[in-house]
Amino acid sequence: MEDAELRVVPGVLLGRGGSDVEVSFSSPAGQVTQLSWEQAVASVRFEELVPVSAFPVVPGRRWGPGWWWSASTGRHVVHGSAAMRTQLMLLDREPAVTGLAGRPVRFVWRDGPGGRVRSWVPQLFARYADGTGLFADCPSSPVAGGARAQRAGAVLEAACARVGWAYRRLEPPPAVVVANLRWLAGYRHPRYRGASGLQAALVEAFTVPQPLFDGVAAVGDPLQVFPVVYHALWSGRLAAGLDEPLHGRSPVWVPGEGGPGRGSGAGTGMLGGE
């Protein structure tokens with residue numbers, strides 16, 4: 001997490017409005033603003049902000065910055081690592097998520113009474129349908145970032161808790177869950193939703209859990225049906241056990257119809273670290 005390290009920030013004033021934590025951000029027009037944390041929560045749409053700082057391009061590294069197209073918002077979200085892209089994918093599948101942004105703000109605070117001013121840029125922001133928010137970092141391992149990341153995480157967690165929000169370090173999910181969701185994410189666009197008649201036929205076919213191939217064959221031409229099934233598995237209209245490799249004999253069912261539970265990520269798209 002070299003791009004989000006704890007920094008000493010000279011010449012920054014704190015304490016306006018009695019707040020011990022502030023956030024700075026850039027508007028879409030490029031204007032830099034700094035507000036108390038509580039003011040920002042009440043007035044700023046963090047999901048609409050541009051990144052407060054760029055993700056670095058490191059020579060020799062196999063992975064560089066990129067964009068994730070969000071099915072939840074219909075917009076692209078910048079990411080800077082494979083771990084961050086994975087967490088974006090998981091959040092994008094959560095029905096309650098209505099907004100996503102990469103590195104939208106810099107948190108600023110004093111390190112103890114009269115101490116130096118520190119800052120931290122969390123990698124992700126997610127807005128939920130109830131108006132609450134999640135700030136998150138996406139470490140590649142639980143120890144990534146070291147003591148600085150842990151210290152910053154404690155400050156952000158306390159600040160978010162004060163307003164009923166959350167800060168988390170999202171742990172990488174199992175590789176097989178990631179592989180399954182990456183495949184299903186290829187069908188996340190609404191164009192794969194299918195006609196209402198085909199959707200209804202799929203629900204009828206999988207009301208009683210059965211193997212993926214059998215249910216598809218019962219509905220119609222596999223070339224037409226498979227994309228709609230994969231979209232339904234992504235969106236949660238259908239469910240499967242994602243902690244095992246998805247294949248033709250994988251049981252598929254309609255959520256809430258008594259289908260088998262399959263442990264972590266069983267058709268739910270759970271957040272890493274939950």
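Strand S10 (residues 133–137) and strand S11 run parallel and are joined by 4 bridges. Within this pairing, Leu134 stands opposite Ala166 of S11. The model described here is predicted.

S10 and S11 belong to an open sheet of 4 strands, ordered S6-S9-S10-S11, with mixed pairing. S6 and S11 stand at the edges with a single partner strand each, so one side of each has no neighbour in the sheet. Averaged over the sheet and with direction ignored, neighbouring strands are turned by 20° against each other. At the S6 end, S6 pairs with strand S9 (residues 124–128) in the antiparallel sense over 5 bridges. Val97 stands opposite Tyr128 in S9.

**The sheet of 3 strands**

An open sheet of 3 strands has the order S12-S14-S13 and antiparallel pairing. Its edge strands are S12 (210–211) and S13 (239–240), each of which pairs on one side only. S12 is joined to strand S14 (residues 251–253) by 2 bridges in the antiparallel sense, and Gln210 has Val252 in S14 as its bridge partner.

| Strand pair | Sense | Bridges |
|---|---|---|
| S10 and S11 | parallel | 4 bridges |
| S6 and S9 | antiparallel | 5 bridges |
| S12 and S14 | antiparallel | 2 bridges |

**Nonpolar cores**

The largest nonpolar core has 42 residues, and Leu91, Val229, Leu233 and Leu238 have the most contacts inside it. Helix H7 (residues 222–235) supplies the largest share of this core, 8 residues. A second, separate core of 23 residues includes Ala40, Val105, Trp109 and Trp120.

**Arg93**

Arg93 is found in the loop between helix H2 (82–92) and strand S6 (97–102). Arg93 is buried but has no salt bridge. The nearest side chain of opposite charge is that of Glu94, 6.5 Å away, whereas a salt bridge requires a separation within 4 Å. A polar atom of the Arg93 side chain does, however, lie 2.7 Å from the backbone oxygen of Leu233. Leu233 is also one of the residues with the most contacts inside the largest nonpolar core.

Methods:
Residues are numbered from 1 along each chain as its sequence is written. This is a predicted model: local features need pLDDT of at least 70, side-chain atom pairs count only at pLDDT 80 or more; totals for chains, interfaces and linings use all residues. Side-chain values use heavy atoms; hydrogens and water are left out. Buried means under 20% relative accessible area, exposed over 50%, partly exposed in between (1.4 Å probe, protein chains only). Lys and Arg count as positive and Asp and Glu as negative; His and the chain ends are not counted. A polar contact is a pair of N or O atoms within 3.5 Å; within protein, one must be able to donate a hydrogen and the other to accept it, and residues adjacent in sequence count only if both atoms are side-chain atoms. A nonpolar core is a set of buried Ala, Val, Leu, Ile, Met, Phe, Trp, Tyr and Cys residues joined through side-chain atoms within 4.5 Å. Two strands pair if DSSP finds at least two bridges between them. Axes are lines fitted to C-alpha atoms, for helices over the stretch in contact, and angles run from 0 to 180 degrees between N-to-C directions.
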